[in-house]
Amino acid sequence: MKNILYTAIYSFNEIKNSKIFYSFLVFALVLIFGSYFVSQTSFISQGRIMVDFSIFAITIFNIFIGIFIGSSMVYDDIEKKSIFLSITRPVKRTEYLTGRFLGLTAAIILSTIIMMFIFYLVLLIMHKYVIPLPIRSVGKLGGQAPLHIKTYLTLYLLPQSLLIQALFIIIESVFIAVVALFFSLITSKALASIFTILVFFIGNISSRMNALVMPAKKIINGKEIIVHRVNYVLVAAVHLIYSVLPNFSIFNISSEVSYKISISSDAILYGIIYGLSYIILLFVISSLLFARRDIS
């Protein structure tokens, strides 16, 4: 356990101090602040534009971190032979890989917290999408009717849907990171990044593609009749992609966030279990591949 902890701390500090981490973080923060000025020029809801733009910036930053660091973290250690500094000591391969992955996960969580805090400050400045919670004291006269109500503190809270979106961004980014880690163990760093981007892109549109190839139906004289059917081969291919590849659209609740719609506990639980199940499965497969890989 100590070996995993030490490796995780080392990985976290390495990622936190890397140039790519700070470059993406600065870029995301610029987008968040820029969304404030963009929203001021709009005639529609300024708050919705601000929220949509900022969620996009936070998501893209974490996805890029997961892709580029996840695909290069272990691969570079093997190529530069620096991995032998770890595994030549009494550190098992599984402990090394677990520590590296946990360090990357901690870096993703830290970046999300930083960006959400900056986002929260911007929302406070705009007085948009924050829920005031006044803390009041009630004075009474002789234990009878209230004499006065005084507000001595007001807390500003984020909507529940926005907090859940932040949680889903973390799960999705860690998901992408373990996909990149998996590909980096069976191919080159560049190809691992490309394959991960493809998985992310297809995973975000697979549910829409699956809905598009469904037969078009129309009710005529009280009967449901199919008026258009897509080619069977195309339907089978889309259904296969939809069934095999992960569905990342589950983690996108930006529409609910924009309209301050609360997320049901069932949807939250489903998203958490869905994401963690894939993460654990892919990490176990990656560990088995790494245990059998020749790194000499």
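## Aromatic residues

Phe168, Phe175, Phe200, Phe248, Phe251, Tyr270, Tyr274 and Tyr278 form one aromatic cluster, where rings of Phe, Tyr and Trp (its six-membered ring) are paired if their centres lie within 6.5 Å. By this rule there are 14 aromatic pairs.

## Basis of the model

This is a predicted model, in which local features need pLDDT of at least 70 and side-chain atom pairs count only at pLDDT 80 or more, while totals for chains, interfaces and linings use all residues. Residues are numbered from 1 along each chain as its sequence is written, and side-chain values use heavy atoms, with hydrogens and water left out.

## Charges over rings

A charge sits over a ring if NZ of Lys or CZ of Arg is within 6 Å of the ring centre and within 35 degrees of the ring normal. The charged end of Lys260 is placed in this way over the ring of Tyr129, 4.8 Å from its centre, and Arg93 lies over the face of Phe290, at 5.7 Å from the ring centre.

## An exposed loop residue

Ser262 lies in the loop between α9 (254–258) and α10 (265–292), the helices being DSSP runs (H or I, at least four residues) numbered from the N terminus. Ser262 counts as exposed because its relative accessibility is 57%, and exposed means over 50% relative accessible area (1.4 Å probe, protein chains only).

Although Ser262 and Pro159 are 103 residues apart in sequence, their C-alpha atoms are 7.9 Å apart in space.

Note on methods. Phe/Tyr/Trp six-rings, centres within 6.5 Å; stacked < 30°, edge-to-face > 60°. Helix = DSSP H or I, 4+ residues; strand = E, 2+ residues; numbered from the N terminus. Buried < 20%, exposed > 50% of the residue type's maximum accessible area, 1.4 Å probe, protein only.
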